[in-house]
Amino acid sequence: MWKCLHPYAKPEKSYQLAGKLLPWFIIFSAITFIVGTVWGLLFAPADYQQGDSFRIIYIHVPAAMMAMAAYSSMAMAAFVALVWQIRLAEITVIATAPVGAVFTFIALFTGAAWGKPMWGAWWVWDARLTSELILLFIYLGIIALYNAFSDKVLAGRAASILTLVGVINLPIIHYSVVWWNTLHQGATISKFEKPSMAIEMLWPLIIMIIAFAAFLGTLMLMRFRNEILARESHRPWVLRLIETDDAQRLQKDK
Amino acid sequence: MAFNSIADFFSMGGYGFYVWLSYCVSFLSLIILIINTINRKNKIIKMLNKRIARQQRIKNAPSREGIL
Amino acid sequence: MNPRRKKRLLITSLLVTGLAVSIALVLYALQQNIDLFYTPSEIIKGKNETGVKPEIGQRLRIGGMVVPNTVKRDPSNLKVSFDLIDNGGESVTVFFNGILPDLFREGQGIVAQGELINATQINAFEVLAKHDEEYMPPEVSDALKGLDHLKINSNK
């Protein structure tokens with residue numbers, strides 16, 4: 001059954017597949033972002049306790065969720081990269097890291113801007129906030145480690161190992177609010193229970209989660225294509241591809 | 001619609017500063033990420049084009065054996 | 001799977017499980033210190049697992065629900081005092097001199113940081129509001145009044 005996947009282990013085929021998928025991802029994430037933001041800011045009712053400040057949730061929760069989802073996919077790719085030594089898996093790790101880092105930054109920043117008016121403090125060293133900050137440092141560490149080696153084979157391997165080591169932080173972030181008492185409240189949306197949010201507030205949140213997921217997919221595809229070109233720059237297929245692209249552009253200009 | 005007027009919308013029940021700060025910084029960072037990705041693509045393509053041009057020059061260069 | 005891949009699989013899995021176990025042990029050892037706050041019952045009776053009680057004069061954080069009708073404000077300045085309670089039924093009085101967060105109200109979860117003056121009194125220099133994970137429009141909240149949906153620290 002794995003036979004059908006074999007062609008995609010070839011960078012050329014993956015590059016083309018990513019290019020075909022990309023426009024759909026761009027359109028989908030643009031639409032969901034617009035719908036989710038407008039709905040969340042304009043049409044969702046204000047919260048009974050927090051008033052309009054709760055609208056920050058429409059960025060905060062999706063960014064935090066997708067920062068962790070990005071890390072999980074990186075960890076899986078890193079595992080494949082280390083065991084089967086598939087170069088594309090390494091490329092996936094390094095293509096995803098900056099997106100995850102930006103999402104984590106957004107989650108931390110919006111959390112602080114929400115914490116100030118509601119809790120009374122920008123930052124508290126509780127288990128949830130601290131473990132989320134560690135996630136940001138792990139992301140930055142992976143990016144820095146990859147860039148520190150000029151030998152990209154070695155760099156990819158080092159980054160993959162660090163990614164696998166850091167995966168231990170994910171359950172800690174998720175369960176921090178359950179295991180310890182924290183200022184941060186428990187999860188509003190969890191898999192097994194009914195979400196503790198009124199339905200007319202929940203819809204825009206779900207759309208924003210989808211939007212962030214689609215954005216993650218879009219940026220992963222774009223960066224994945226970039227990294228393939230950079231890593232394969234000596235291969236004939238890359239040069240041929242650039243030459244035909246240039247020829248097409250010249251034709252268009254005429 | 002959750003707001004009665006545009007002024008209401010911008011003040012966000014007194015929390016305008018925090019809400020708009022969050023949204024602006026978030027979207028700005030996403031845009032910076034997009035720009036960074038596109039820049040990197042352009043840089044790689046420029047590098048590849050240079051390489052192609054150099055190969056062309058090597059191929060087209062007249063043999064120097066006669067001169068030396 | 002060829003033997004080299006098998007070896008790599010083994011090494012990577014060992015690396016991850018080894019690290020997971022060691023971090024789990026560290027966290028277990030640090031458990032008390034990672035808790036952000038004491039609950040009122042923990043201040044009076046000691047922590048659940050270890051029975052450790054905070055000492056008088058110790059700087060600590062306390063988290064609990066503001067008991068209705070115990071908020072006393074000094075009309076001439078910002079001084080305020082209120083009782084905090086948790087599921088254990090014990091209550092502790094907090095004294096504070098400063099501006100309270102917007103969410104501060106009776107029945108609200110609060111985390112205060114300060115010094116323990118005696119077994120049941122705390123002089124706080126910082127009061128933070130803790131809210132729960134429930135979000136709803138005011139109309140729904142009004143309809144639910146009397147059902148006591150406000151919960152503090154229900155996961156503990």
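These legends describe close-up views of a predicted model, taken one after another.

In this predicted model, local features need pLDDT of at least 70 and side-chain atom pairs count only at pLDDT 80 or more, whereas totals for chains, interfaces and linings use all residues. Residues are numbered from 1 along each chain as its sequence is written, chains are lettered from A and ligands numbered from 1 in the order in which they are written, and side-chain values use heavy atoms, with hydrogens and water left out.

**View 1. The interface of chain A and chain B.** Chain A brings 43 residues and chain B brings 35 residues to this contact, where contact means heavy atoms within 4.5 Å. About 3500 Å² is buried between chain A and chain B, and 74% of that area lies on carbon and sulfur atoms; buried area is the accessible area (1.4 Å probe) that two parts lose on being put together, summed over both. The size of an interface is often given as the accessible area lost when the parts come together. Eight residue pairs, both members at pLDDT 80 or more, are in polar contact between chain A and chain B, a polar contact being a pair of N or O atoms within 3.5 Å in which, within protein, one must be able to donate a hydrogen and the other to accept it, while residues adjacent in sequence count only if both atoms are side-chain atoms. On the side of chain A that touches chain B, at least two residues each come from helix H1 (11-43), helix H2 (57-84), helix H3 (87-118), helix H7 (199-231) and helix H8 (236-253) of chain A; helices (H or I, at least four residues) and strands (E, at least two) are DSSP runs, numbered from the N terminus. H3(A) provides the largest share of that side, twelve residues. By class, the side of chain A that touches chain B holds 29 nonpolar, seven polar and seven charged residues, where Ala, Val, Leu, Ile, Met, Phe, Trp, Tyr, Cys and Pro count as nonpolar, Asp, Glu, Lys and Arg as charged, and the others, Gly among them, as polar.

**View 2. The salt bridge between chain A and chain B.** One salt bridge is found across the interface of chain A and chain B, the term standing for a side-chain nitrogen of Lys or Arg within 4 Å of a carboxyl oxygen of Asp or Glu. The salt bridge joins the side chains of Arg40(B) and Glu227(A), at 2.9 Å from N to O.

View 3. Ser26(B), which belongs to helix H2 (residues 16-60) of chain B, counts as buried because its relative accessibility is 2%, and buried means under 20% relative accessible area, exposed over 50%, partly exposed in between (1.4 Å probe, protein chains only). Leaving aside residues up to four places away in sequence, Ser26(B) touches Ile59(A), Ile106(A) and Thr110(A). The side chain of Ser26(B) also reaches the backbone oxygen of Ser22(B) at 2.6 Å.

**View 4. The interface of chain C and chain A.** Here 45 residues of chain C are in contact with 46 residues of chain A, and the area buried between the two chains is about 3900 Å², with carbon and sulfur atoms giving 62%. Within chain C, the residues that lose the most area to chain A are His131(C), Glu133(C) and Tyr135(C), which together make up 19% of what that side buries. Helix H1 (3-34), strand E6 (121-130) and helix H3 (138-144) of chain C each supply at least two residues of the side that touches chain A, and H1(C) gives the most, with 13 residues.

**View 5. Gln113(C) in strand E5 of chain C.** Gln113(C) lies in strand E5 (residues 109-118) of chain C and counts as buried because its relative accessible area is 14%. Apart from residues up to four places away in sequence, Gln113(C) touches several residues, among them Arg59(C), Leu60(C), Arg61(C) and Phe125(C).

**View 6. Ala158(A) in helix H5 of chain A.** Ala158(A) is part of helix H5 (residues 152-166) of chain A and, at 18% relative accessibility, counts as buried. Not counting residues up to four places away in sequence, Ala158(A) touches Leu145(A) and Phe149(A).
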